[in-house]
Amino acid sequence: MKIVKNLFDGLKKNRIFRPVKPIVETLEGILLGSPESTSQAPHFLDHIEIKRYMSTVILAMIPTTVAAVVFFGWYVLAMILTSYVVGGIIEVLFALIRKKEIEEGFLVTGLIFPLILPPTVPLWVVAVGIAFGVFFGKEVFGGTGRNIFNPALVGRIFITIAFPQIMSATWRVPSSDAITAASPLAVYRSTQTAAPYIDLLLGQVAGSTGEVFRIALIAGAVVLMMTRVSSWRITSSYLASVALFALIGHTLSPQTFAPPLFQLLAGSVLFGAVFMATDPVTSPATRPGKFIFGTGCGIITVLIRTFSGFTEGVMFSIVIMNAFTPLIDNLVVNLKYRPAKR
């Protein structure tokens with residue numbers, strides 16, 4: 001191990017390898033761990049340290065990823081590989097330009113992005129989407145920890161608007177080669193017919209690669225909450241607001257609003273509430289702010305699904321609430337810590 005450490009020290013000091021120093025430091029961190037440590041007391045470790053966050057989220061996404069491959073075949077792995085290669089190249093280029101270490105944030109973004117795409121999307125669309133999301137959703141803001149919007153959702157929204165026919169006209173039925181022109185949300189909008197709830201839960205209806213097997217999403221949510229990596233406040237308030245708002249709407253106008261349980265199980269609500277809305281960079285840091293954020297996501301999701309030209313509202317709702325995150329935290333802090341009157 002000492003020989004390996006001396007090798008990396010020599011590479012970092014060598015002028016030839018100076019332009020690729022971020023890559024050398026990243027490889028050193030992967031093989032030898034972080035060299036940073038406290039020199040004197042107090043010594044403590046934050047549970048939300050970025051490497052632990054990223055590794056735990058990826059671990060929680062393994063059941064969903066495996067289910068996606070089982071339902072839609074090896075093409076899903078090709079989508080994931082494309083996402084990692086194209087987005088990783090952009091990450092490395094920006095690290096070299098800024099002369100900083102390669103950040104781990106892309107490990108989650110590169111996996112989430114292909115899981116929120118239809119399984120029939122061409123690989124070149126995957127490449128365009130992840131490139132746009134990483135570049136305009138994160139790097140232009142300064143990289144991981146400085147981005148305002150979720151990069152995966154930025155890329156998804158871009159290709160949804162740029163290639164609407166590709167993103168919405170062809171859906172593959174899980175565990176078969178059959179192609180359908182409508183997702184369960186689109187079917188309900190046109191016919192007011194809801195897919196069987198058990199089929200939605202077990203992944204027997206069309207949808208994005210990572211959203212169809214809801215049991216895996218629930219398992220991932222349990223892992224993230226038990227490890228305190230994910231905020232239960234955002235997830236629970238998101239799901240509760242979707243259910244409550246849909247219940248009120250369906251009671252008053254059943255022909256307009258889909259029933260609450262269908263709203264929860266159809267589309268990307270579970271995936272968004274578990275893996276995307278809880279992003280610690282783009283969601284509020286204050287506890288009351290998390291409830292406000294999740295509630296806002298839920299209400300906007302139902303509104304977009306019901307009244308807009310888009311059948312799915314999860315990605316738009318989260319990005320919209322991302323924009324309000326600084327304001328929410330600011331209002332909560334100002335209300336909680338107002339100066340005492342003399």
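**Exercise 1.** In which hand does α6 pass α7, right-handed or left-handed?

*Solution.* The model is predicted: local features need pLDDT of at least 70, side-chain atom pairs count only at pLDDT 80 or more, and totals for chains, interfaces and linings use all residues. Residues are numbered from 1 along each chain as its sequence is written, and side-chain values use heavy atoms, without hydrogens and water.

Step 1. Take the axes of α6 and α7 (residues 151–162): they come within 7 Å and cross at roughly 130°.
Step 2. Assign the hand. The crossing of α6 with α7 is right-handed (the near helix is turned clockwise from the far one).
Step 3. List the contact (heavy atoms within 4.5 Å). Val125, Val128, Gly129, Phe132, Gly133 and Gly137 of α6 meet Pro151, Val154, Gly155, Phe158 and Ile159 of α7.

**Exercise 2.** Check the span of helix α6 (residues 123–137).

*Solution.* Step 1. The 15 residues of α6 should span 21 Å.
Step 1. Compare. The end C-alpha atoms of α6 are 20 Å apart, which agrees.

**Exercise 3.** Is Arg228 buried or exposed?

*Solution.* Step 1. Locate Arg228: the loop between α11 (214–226) and α12 (232–252).
Step 1. Apply the cut-offs: buried is under 20% relative accessible area, exposed over 50%, partly exposed in between (1.4 Å probe, protein chains only). At 56%, Arg228 is exposed.
Step 2. Check phi. Arg228 has a positive value of about 60°, though it is not a glycine.

Definitions and conventions: Helix = DSSP H or I, 4+ residues; strand = E, 2+ residues; numbered from the N terminus. Expected span 1.5 Å × (residues − 1). Axes fitted to C-alpha atoms, helices over the stretch in contact; angles between N-to-C directions.
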